[in-house]
Amino acid sequence: MLLEQNLITADMRTDVCVFAAQEDLETMQAFAQVFNKLIRRYKYLEKGFEDEVKKLLLFLKGFSESERNKLAMLTGVLLANGTLNASILNSLYNENLVKEGVSAAFAVKLFKSWINEKDINAVASSLRKVSMDNRLMELFPANKQSVEHFTKYFTEAGLKELSEYVRNQQTIGARKELQKELQEQMSRGDPFKDIILYVKEEMKKNNIPEPVVIGIIWSSVMSTVEWNKKEELVAEQAIKHLKQYSPLLAAFTTQGQSELTLLLKIQEYCYDNIHFMKAFQKIVVLFYKAEVLSEEPILKWYKDAHVAKGKSVFLEQMKKFVEWLKNAEEESESEAEEGD
């Protein structure tokens, strides 16, 4: 560029070089400013600069550890200020770089400087835009591509927020996969005992808590049928459908919090699907009789654990049933005292 404008001659050299500079973030930030200003002034340099950085990343083994550290810090800053696109990280998935641990070590320095300039949410957003958010474990060889290994490596390197982000991404992915598989099993009409066994294995493998699972099962159950659009008919259809799936739901409401989660899911569903508004109380009573829900969570939901969606309508629907539950509770306590 400078040659084209006759600002330098071909035999001129400079001692200013990233690799010859001090190995610290402040120095790399200064270099990043220079690159950023040049590219903003001469827009045509942008693509060429990105391509050159991609090449540099592919040949990381040709640099010393100190040179790699400087390049990683600089790259992190350039990613943070938008001079580079996160797609350049594809170069780090080179098989040889991954195998020898160069990619992971480089990524530590890169993400430290990137997160230092922005935060983990901004980093995550940039990764999502180029579909890199679910590929970070590929920085390790296939036999080490696990959440546990990733978390340990990056947490020990001082990047706990990145470790937590990857763990959350993995959990979200596992939940989506669970819901997809559940819907397929239900569509096939697989026996409930097989579905329950599968779900419990997934819960254990991916550390998914029961309250989360009951929400996934509820969504899956409600998505397996085409609902009648007439309000007077949909309640009957819902009761028939949910009665069939009660044993499956009951297997995953062994905790009070799971029952409360299910109640909130029912409330939100009935509110969001307006033809279900009058079906709420009928569904709750069905689940109480089927031992999917118990007395205490229902009373807690009624008292103070409900959400705002359709609150006045649903509380009014539940009023008589809640009074009956309270009376039954008092009678039970009286009988227990008489027995003593």
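**Reading a predicted model**

Tutor: The domain assignment of the protein gives domain 1 (19-145) and domain 2 (209-323). Please bear in mind throughout that this is a predicted model.

Student: How many Å apart do the C-alpha centres of domain 1 and domain 2 lie?

Tutor: The C-alpha centres of the two domains are 49 Å apart.

Student: How should I describe two helices that pack against each other?

Tutor: Two packed helices are described by the angle between their axes and the distance between the axes. Let us take helix H1 (residues 25-41) and helix H2 (residues 45-58), which pack at an angle of about 140 degrees, with axes 8 Å apart.

Student: Which residues of H1 and H2 make the contact?

Tutor: H1 contributes Phe35, Leu38 and Ile39, while H2 contributes Leu45, Glu46 and Phe49. By class, five residues of this contact are nonpolar, none is polar and one is charged.

Student: At what angle do helix H5 and helix H6 pack?

Tutor: Helix H5 (residues 102-117) and helix H6 (residues 120-129) pack at about 115 degrees, and their axes are 8 Å apart. On the H5 side the contact is made by Phe111, Trp114 and Ile115, and on the H6 side by Ile120, Val123, Ser126 and Leu127. The residues of this contact comprise six nonpolar, one polar and no charged.

Student: Is Ile120 buried or exposed?

Tutor: Ile120, which is found in helix H6, has a relative accessible area of 18%. Ile120 is therefore buried, because the cut-off for buried is under 20%. Leaving aside neighbours within four places in sequence, Ile120 is in contact with Ile115, Glu161, Leu162 and Tyr165.

Student: How far apart in sequence and in space are Ile120 and Ala21?

Tutor: Ile120 and Ala21 are 99 residues apart in sequence and 28 Å apart in space, C-alpha to C-alpha. As another example of such a pair, Arg40 and Thr83 are 43 residues apart in sequence and 8.8 Å apart in space, again C-alpha to C-alpha. Arg40 is found in helix H1, and at 63% relative accessibility Arg40 counts as exposed.

Student: What value of relative accessibility does Phe192 have, and how does Phe192 count?

Tutor: Phe192 has 23% relative accessibility and counts as partly exposed. Phe192 is found in helix H9. Apart from neighbours within four places in sequence, Phe192 is in contact with Gln244, Tyr245, Pro247 and Leu248. Phe192 and Leu249 are 57 residues apart in sequence and 9.9 Å apart in space, C-alpha to C-alpha.

Student: Which residues are in contact with Ser246?

Tutor: Leaving aside neighbours within four places in sequence, Ser246 is in contact with Phe287, Ala290 and Val292. Ser246 is found in helix H11 (residues 231-250) and is buried, with a relative accessible area of 4%.

Student: Which residues of H13 are buried?

Tutor: The buried residues of H13 are Phe280, Ile283, Val284, Val285, Leu286 and Phe287. H13 is followed by Glu291, whose phi is positive.

Student: How should I read a positive phi?

Tutor: Most residues other than glycine have a negative phi. Glu291, which is not a glycine, has a positive phi of about 60 degrees. Glu291 is placed in the loop between helix H13 (280-289) and helix H14 (295-305), and at 66% relative accessibility Glu291 counts as exposed.

Student: Where does Asn207 lie, and what is its phi?

Tutor: Asn207 lies in the loop between helix H9 (192-206) and helix H10 (210-222). The phi of Asn207 is near 55 degrees, a positive value in a residue other than glycine. At 66% relative accessibility, Asn207 counts as exposed.

How values were computed
Residues numbered from 1 in each chain as written. Predicted model: local features only at pLDDT ≥ 70, side-chain atom pairs only at ≥ 80, totals over all residues. Heavy atoms only, no water. Domains from an automatic or database assignment. Helix = DSSP H or I, 4+ residues; strand = E, 2+ residues; numbered from the N terminus. Buried < 20%, exposed > 50% of the residue type's maximum accessible area, 1.4 Å probe, protein only. Axes fitted to C-alpha atoms, helices over the stretch in contact; angles between N-to-C directions. Contact = heavy atoms within 4.5 Å. Nonpolar A, V, L, I, M, F, W, Y, C, P; charged D, E, K, R; others polar.
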